[in-house]
Number of protein chains: 2
Amino acid sequence: MKIVLIGSGNVSTAFAHLFESLGHDILQVYSRSLDQAERLAAKLGTSATSSLTDINKTANLYVVAVTDNAIEQVIEELPQSLKGIVVHTSGATSMDVLTKFPLCGVIYPIQSISKDSDLRSKETPIGIEGNNEIATALLLEIGKSLSKKSFYCDSKQRLALHVAAVFSNNFTNALYQVAFDILKANNLSFDLLKPIIAETAEKVQHHIPKEVQTGPAKRNDQKTIDRHLDFLSGKPNWETIYQELTRLIRNKDT
Amino acid sequence: MKIVLIGSGNVSTAFAHLFESLGHDILQVYSRSLDQAERLAAKLGTSATSSLTDINKTANLYVVAVTDNAIEQVIEELPQSLKGIVVHTSGATSMDVLTKFPLCGVIYPIQSISKDSDLRSKETPIGIEGNNEIATALLLEIGKSLSKKSFYCDSKQRLALHVAAVFSNNFTNALYQVAFDILKANNLSFDLLKPIIAETAEKVQHHIPKEVQTGPAKRNDQKTIDRHLDFLSGKPNWETIYQELTRLIRNKDT
């Protein structure tokens, strides 16, 4: 396939290396910053542009992997005459933003993609959607080559996945940081919690989370909960989070 | 050492197997339920009782491992004349509840101890506290034999650890369940999030959590946040949790 990458950030880079490893031909890299486009293009031995009107028109696949905030504007500026299929990679963005293209869709990798992320293991689940039967069939085919865990999901399901990933990834990480801060304020090392953090994430690989729920909220141990809330007083955000998550766990048991 | 176990639940059982593996002599198991005391005692080839006044007086170490709610009453009923050192294993309970005994302290394993938990790997961090120099020295010695990661921590530090463990273990697990419920309602498998859950817990083994924080709150992507809140409308508890954790992550960046 001949591919144009729109974007030069972590997601675009991870896809670039994946496409390269599969023998595809990356024709061009676009970024608003020519510098950044050139940096990624140099790694791939291809050309760079910072002008959306100069996008190569001969590609089979255009991958829009820019920040969610920029997607709509980038798409507006892209020439409508592209004949290849145009996809974005965003979990929270509906496929509808791409309707100006006759063939379009979504390739959504369910991973928190950072600088060193690598999709080449093909273990990252990838959600696929197309705007019609041809696009869907084509993208499912591409999806199969990109990951052992590609699957069809519509825009509503993808939004559900994105929200669920925020809860199980972004928010858990934020809770780890609360734990870190509490320990630090008491001259204790975060190392002490690393085993229990690993264990908690490991347990849900094989169990439904609520079946392995433990702790004072689960035991309805109000005395301990009160002690904890007393400990947290003066930190209203932490207190509210404690109260709401305690409420959540209690409701789970009824 | 000659040991009496007060309690027959998961924590008591895990300690029993650990003590046994180290060659200690478990003299007796107490439980409010004679049945349960006998079940654990049978496994250990020792005697059982459901009466605290019949507790064997010749032990060197008494381990009170009952639910947090029951600790104070059990301690009240224990004969004051015990010459051995009396410890509890609770994260949220001050050592002060044990002051009627001349030698007392705490052995607190930082693990969510369930039915199949095993402390014999000696990898579980164990916090140690004693009520005077003799008790502390003795318990630190015992701690060293129980875990490669035993350490001294006072009652305030232990409470901090317990609260931090609730955030990084109980609460993260509750968030996994929210993700599970969202996916289920949208006909998606929780399997899709297992890699990202494992990856998130893995990252903080080597990084400070806030350094690897990602997501719309971190990017200040209000459009995506609004889409997510819209998705969650009708679930007030989930919405509040989303809002408070978003606020938490935003504050982290300033």
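A polar contact is a pair of N or O atoms within 3.5 Å; within protein, one must be able to donate a hydrogen and the other to accept it, and residues adjacent in sequence count only if both atoms are side-chain atoms. By that rule, chain A and chain B share 34 residue pairs in polar contact, with both residues at pLDDT 80 or more. Welcome to a predicted model, where local features need pLDDT of at least 70, side-chain atom pairs count only at pLDDT 80 or more, and totals for chains, interfaces and linings use all residues. Residues are numbered from 1 along each chain as its sequence is written, chains are lettered from A and ligands numbered from 1 in the order in which they are written, and side-chain values use heavy atoms, leaving out hydrogens and water.

**Where chain A meets chain B**

- Contact (heavy atoms within 4.5 Å) links 86 residues of chain A with 87 residues of chain B.
- About 8,300 Å² is buried between chain A and chain B, and carbon and sulfur atoms give 66% of that area.
- In chain A, the residues that lose the most area to chain B are A:F167, A:F171 and A:L192, together 8% of what that side buries.
- Buried area here is the accessible area (1.4 Å probe) that two parts lose on being put together, summed over both.
- The rule for salt bridges (a side-chain nitrogen of Lys or Arg within 4 Å of a carboxyl oxygen of Asp or Glu) finds 6 of them across this interface.
- B:K223 and A:E72 form a salt bridge, with their closest N and O atoms 3.3 Å apart.
- Among the elements that give two or more residues to this side of chain A are α3 (68-77), α5 (155-185) and α9 (236-252).
- α5(A) gives the most, with 27 residues.
- Helices are DSSP runs (H or I, at least four residues), numbered from the N terminus.

**Two domains within chain A**

- Chain A is assigned domain 1 (2-153) and domain 2 (158-252), with bounds from an automatic or database domain assignment.
- Taken over C-alpha atoms, the centres of the two domains of chain A are 36 Å apart.
- In chain A, 14 residues of domain 1 are in contact with 5 residues of domain 2.
- The two domains of chain A bury about 710 Å² between them, 60% of it on carbon and sulfur atoms.
- The rule finds 1 salt bridge across this domain interface.
- A:E129 forms a salt bridge with A:R158, their closest N and O atoms lying 2.7 Å apart.
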